[in-house]
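This briefing looks at how one protein model is divided, what lies between its parts, and where open space is left. Please keep the structure in view while reading.

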Amino acid sequence: MKTTYSIGVAAALCATSALAETPVLNVMTYDSFVSDWGPGPAVEAAFEEVCGCDLVFTGAGDGAALLARLQLEGKGTEADIVLGLDTNLTAAARETGLFAPHGVSADLDLPIAWDDPEFLPFDWGYFAFVGNAGEDAVTSLRALAESDTKILIQDPRSSTPGLGLLMWVKAAYGDDAAGVWADLADNIVTVTPGWSEAYGLFLEGEADAVLSYTTSPAYHLIAEEDDSKVTWAFDEGHYMQVEVAGKLAGTDQSELADQFLAFMVSDGFQSIIPTTNWMYPAKVPADGLPDGFDTLVTPETALLLSADDAAAARDAALEEWRAALSQ
């Protein structure tokens, strides 16, 4: 009995020791990434097969909320990697001084050249308004503002799509952006903290259209065999989003973080993106894009402010938006 007990205790101690020695990589990201239907669970399983580690995702609201949380936590953050910022936020993120070079060299399949040493793309897409097939489609931001169409949008202070819409209006209309927002204000049913809330309300019939992505109809087509959701193609063009990840300089898992970032642009990660995050992969996997992606709207004009220009325009654009909605 004593021998059996001793063996049992020894086995338990060995198991505890092994568990304690398993390195943990903490990745801060947005909530929808770690949802049951998002990329997180599949990415976690795929990376843990090759890393000998415990990959832990932490949701921190929507995309823009990641930067706010990181600025609040500063050097005390427990995150090793932040995944889910975009080019409208990278200049401000760089100013924190919290990020290290990613060191990854990869031939990416982006519609723009990429040479940022600190932020590495994992997917990209175009912002768009998504409506219901068979209903009258609006053909421009200006026409939307002049119509009675009811829309759902996201808060630019917490959401990357919400901030993307501000940059879209600013890139398309420049000094006339404030007037466009003044006309758009009465079209807005509500402003949600993040994308998931707005899209859910749209699916419940609370508005005619929702701010989302040109790739959103692919979800309904592929996952639900439903072709009732369509992208409205706008004459001014569509604003592009490139989502990125960055390694925290203060991480105590530097090699593991490097391994994750390299994995992020491999087929093992990139093949998960199209049918979970419903975006274009930053590097198209060997098997190509899923059937259905060839049916999506491809904007004739792609709009994108540089990271520095987006940072410079952000405060003024936010004030134009806030002033319009407060009337």
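How much area do domain 1 and domain 2 bury between them, and what share of it is on carbon and sulfur atoms? In this predicted model, the two domains bury about 2200 Å² between them, with 66% of that area on carbon and sulfur atoms. The points below take up the interface, the pockets and the salt bridges in turn.

**Domains and their interface**

- The protein is divided into domain 1, made of residues 22–124 + 241–294, and domain 2, made of residues 126–240 + 299–325.
- Between the C-alpha centres of domain 1 and domain 2 the separation is 24 Å, and the contact between them involves 26 residues of domain 1 and 30 residues of domain 2.
- On the domain 1 side, N88, Q241 and W278 lose the most area to domain 2, and together they account for 33% of what that side buries.
- The size of an interface is often given as the accessible area lost when the parts come together.

**Largest pocket**

- The largest pocket holds about 430 Å³ of space; 21 residues line this pocket, and those closest to its centre are S32, W37, W195, N277 and W278.
- Helices α6 (160–173), α8 (195–203) and α9 (216–224) each supply at least two residues of the lining of the largest pocket, and α8 gives the most, with 5 residues.
- By class, the lining of the largest pocket consists of 10 nonpolar, 9 polar and 2 charged residues, and at least three residues are drawn from each of domain 1 and domain 2.

**Second largest pocket**

- The second largest pocket has a volume of about 160 Å³, and its lining is formed by T87, T90, I112, A113, W114, D115, D116, L304, L305, S306 and A307.
- In this lining, 6 residues are nonpolar, 3 are polar and 2 are charged, while domain 1 and domain 2 each contribute at least three residues.

**Salt bridges**

- A search of the whole structure finds 7 salt bridges, whereas across the interface of domain 1 and domain 2 the rule finds 0.
- E73 and R69 are separated by about one helical turn, because they stand 4 residues apart in helix α3 (residues 63–73).

Note on methods:
Residues are numbered from 1 along each chain as its sequence is written. This is a predicted model: local features need pLDDT of at least 70, side-chain atom pairs count only at pLDDT 80 or more; totals for chains, interfaces and linings use all residues. Side-chain values use heavy atoms; hydrogens and water are left out. On a 1 Å grid over the protein atoms alone, a cavity is a set of points where a 1.4 Å probe fits but cannot get out, and a pocket is an open set with protein on both sides within 12 Å along at least five of seven lines; lining residues have an atom within 4 Å of a point. Grid points are joined across faces, edges and corners, and a volume is the space filled by probe spheres set on the points. Ala, Val, Leu, Ile, Met, Phe, Trp, Tyr, Cys and Pro count as nonpolar, Asp, Glu, Lys and Arg as charged, and the others, Gly among them, as polar. Domain bounds come from an automatic or database domain assignment. Contact means heavy atoms within 4.5 Å. Buried area is the accessible area (1.4 Å probe) that two parts lose on being put together, summed over both. A salt bridge is a side-chain nitrogen of Lys or Arg within 4 Å of a carboxyl oxygen of Asp or Glu.
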